[in-house]
Amino acid sequence: MTMSVGWYLRRLSRMGPQEVAGRVGDAVRRRRWRSEQPDCPSVSGARFTAVLPAGTIAAVSPEAAKRLIAEADRLMAGHVEYFGVVRDDLVDPDWWYDPKTGRRAPWGYSFGLPYRDEEAVGDIKQIWELSRHHHLTVLAAAYAITGHERYAERVAEHLRSWWAANAPLRGVHWISGIELGIRLLSWVWVRRLLEGWQGAAELFEKNPVALNQIWHHQRWLAAFPSRGSSANNHVIAETAGQFAAACAFDWFPASARWRTDALRSLDRNLRANTYGSGLNRELASEYHGLVLELGLAALAEADAADVRVPATTRLVLLRMADALAAVVDDRLRPPRQGDADDGHGLILDGAGTDRWASLLATGEAVFGRLDWWPEVTGTDVRTPLLASLIRPYGKKGTAPAVARPTSRPGHFADAGLTILRGPDKIWCRCDGGPHGFLSIAAHAHADALSVEVRHDGVDVLADPGTYCYHGQPAWRQYFRSTLGHNTLELDGADQSVSGGPFLWTRHARSRVLVAETSGDGVSRWCAEHDGYQPSVHRRRVELTPESRELKVCDEVRGERGAVRLAFHLGPAITAELAANRAVLTWTRDGEDRSAVLDLPGELTWRAHRGESDPPLGWYSAGFGRKEPATTLVGTGFADGVTGFVTALRFDG
């Protein structure tokens, strides 16, 4: 996918004067850097002191260690899977190869490469993921736990191979700041976990090649920050990686300046990216997790280096942890809202470790668990390692005491997100919030007023997910479309107008009118949006505990128009549709479950499953993966008077 002139004009229209000036400066600098290639300053006497406290590794649970070692052994055998594509070449990988398309990215000056063009480069996500070096932090952690040198030796082989193949500013791995930031964070933890191995110093602080790479990564990040309408999760990754490296690898003349500037930017952008309620402003749950991971990792480096952190940094991370604890369902799954690309900030665990349980466990260790927090029963490697470096919240020098929620919040007014909870672990997310973050809302979907319903953690009315970013425009469009969510489409149009795969040129404005989530009685929610001007779509939701019934009423106020009302079922749900009634069945932990979905009789209903032209009836459990799932679509007309009532009743 290459970007057209029209796209560039639409993208420019979403920038302010300051951002335009900054990007012009970036363009001039990129042109100048093509011919300028400064050498890394001379470094002598460098020492790595940001080691784990004594006894930290012993705190790792045997279960978590077992999962980690099993994962490390798979990596040692050459096996890994990224975004649904299995690779078996990890013994000696080609860092520029895309196993999905079979293409290999071209060599050349980084800023001149057409990385968005899959025909020329391959799937850039596949190429970039391996070079985040998460697999190396896993191997290094396996060395730290077992003491087996084969893990450390493989790490050293891969780092030397990567450094040799990726000279500064050459190739696709020097294009995107988020990649450089996460890679630096991985290198910090690799060095930390290899402490005790006889080759660690020769691999890093005594290695001119490593020093050159670390210095050029930090120089790049200092020169090309994500700015303006792009200052989302990317800038958090950039500043967290820059800060971590400037703390742990403080061997260069510019290290103190880089550290100060990165911390200032990290604090400012954490606040800018986070609502006061603690939810991430991108309104994409996976990016909430990514930003929280990155923030905690940066905090660990600050405390390990005894660098004073603004109180606001810890406060934002505390509120993010509380918000995550508030919104997860009974299986600790957060909403499937907005984009999700399986991105991680720091991986120190094996397959089978629950990401969200791990984050909550770290939040509990660092900030303390509130009485209403859900219980975390799983174990992980990362939590005891991070907690060994981070000063517990409330201790001297961390932050002042702040008021935390005394009961589990159900409504986040600033984010427009509401969680309704019922008996038998019924969980319902209602979306009445802004259309994403900043002027381009890069990771938003056209999902205003959508609902997402689960029963004991099983997706019943599901958010279909994301599936892809680049290279498959029809699928990208579908998974972020209004029809691709549990909401109402009017006259065949999305509520918000897309200008590209990460660009929205007009944003639907939503407002929540009612949000009653407390108590044991009926929970109510009502909201509306203006995406179909001059018409207004209003939706009411009621959850009645006694009858285990969720009722959804949709109204279109204004002009008459053609309606499509969609309900996407989770992949575990089997549906038998007769007229306007669907009987839903599924199995959970060996037990048969069922529900009845009564659909509006004013519409004509049809079940869709696994259709590709155009796409309809799909569920993406993770980036790059999709599977058929049933979608029920009702078609008809809104007359500006009649409401469409849907009732979902769970069997007792």
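Two strands pair if DSSP finds at least two bridges between them. Helices (H or I, at least four residues) and strands (E, at least two) are themselves DSSP runs, numbered from the N terminus. On that basis E4 and E5 pair in the antiparallel sense over six bridges. The model is predicted, so local features need pLDDT of at least 70 and side-chain atom pairs count only at pLDDT 80 or more, while totals for chains, interfaces and linings use all residues. Residues are numbered from 1 along each chain as its sequence is written, and side-chain values use heavy atoms, with hydrogens and water left out.

Stay with E4 and E5. They form a hairpin with three residues between them. In the turn, Asp 424 has a positive phi of about 55°. The hairpin of E3 and E4 has four residues between the strands, and Gly 416 takes a positive phi near 70°.

These strands belong to an open sheet of five, in the order E3-E4-E5-E6-E7, with antiparallel pairing. Its edge strands are E3 (411-412) and E7 (458-461), each pairing on one side only. Helix H14 packs on the sheet and touches E3, E4 and E5. The direction of H14 makes about 40° with that of E4; axes are lines fitted to C-alpha atoms, for helices over the stretch in contact, and angles run from 0 to 180 degrees between N-to-C directions. Further along the sheet, five bridges join E5 (residues 426-431) to E6 (residues 451-455). Arg 429 stands opposite Glu 452 in E6.

Is Leu 417 buried or exposed? Leu 417 counts as buried because its relative accessibility is 4%; buried means under 20% relative accessible area, exposed over 50%, and partly exposed in between (1.4 Å probe, protein chains only). Leaving aside neighbours within four places in sequence, the contacts of Leu 417 include Leu 279, Val 327, Pro 335, Phe 412 and Arg 429. Contact means heavy atoms within 4.5 Å. Ala 245 is 172 residues from Leu 417 along the chain, and their C-alpha atoms are separated by 36 Å.

Now the helices. H12 has 18 residues, 255-272, and at 1.5 Å a residue should span 26 Å. The expected span is 1.5 Å times one less than the number of residues. The end C-alpha atoms of H12 are 25 Å apart, which agrees. Buried residues of H12 include Ser 255, Trp 258, Ala 262, Leu 266 and Asn 269. Among the elements that cover them are H10 (208-223), H11 (233-248), H13 (285-304) and H14 (311-327).

Next, the cores. A nonpolar core is a set of buried Ala, Val, Leu, Ile, Met, Phe, Trp, Tyr and Cys residues joined through side-chain atoms within 4.5 Å. Which members of the largest core touch the most other members? Of its 144 residues, they are Leu 159, Val 172, Trp 187, Trp 189, Leu 194, Phe 204 and Phe 249. Beyond four places in sequence, Phe 249 contacts residues including Phe 48, Trp 187, Phe 204, Ile 214 and Ser 255. A second, separate core has 38 residues, including Val 458, Ala 527, Phe 567 and Leu 648.

Strand E24 (residues 630-638) comes next. Seven of its nine residues are buried, so E24 is largely enclosed by the rest of the structure. E15 (residues 561-568) pairs with E24 in the antiparallel sense over eight bridges. Here Ala 566 stands opposite Val 633. E19 (residues 604-609) also runs antiparallel to E24, joined by six bridges. Thr 604 has Thr 635 as its bridge partner in E24.

Some loops remain. A cis peptide bond joins Gln 533 and Pro 534, with omega about 10°. Pro 534 lies between E12 (523-529) and E13 (536-544). Another cis peptide bond joins Asp 613 and Pro 614, with omega about 0°. Arg 548 has a positive phi near 55°, in the loop between E13 and E14 (549-557). Its relative accessibility is 24%, so Arg 548 counts as partly exposed. Asp 589 also has a positive phi near 55°. Its loop joins E17 (581-588) and E18 (591-598), and Asp 589 is exposed, at 60% relative accessible area.
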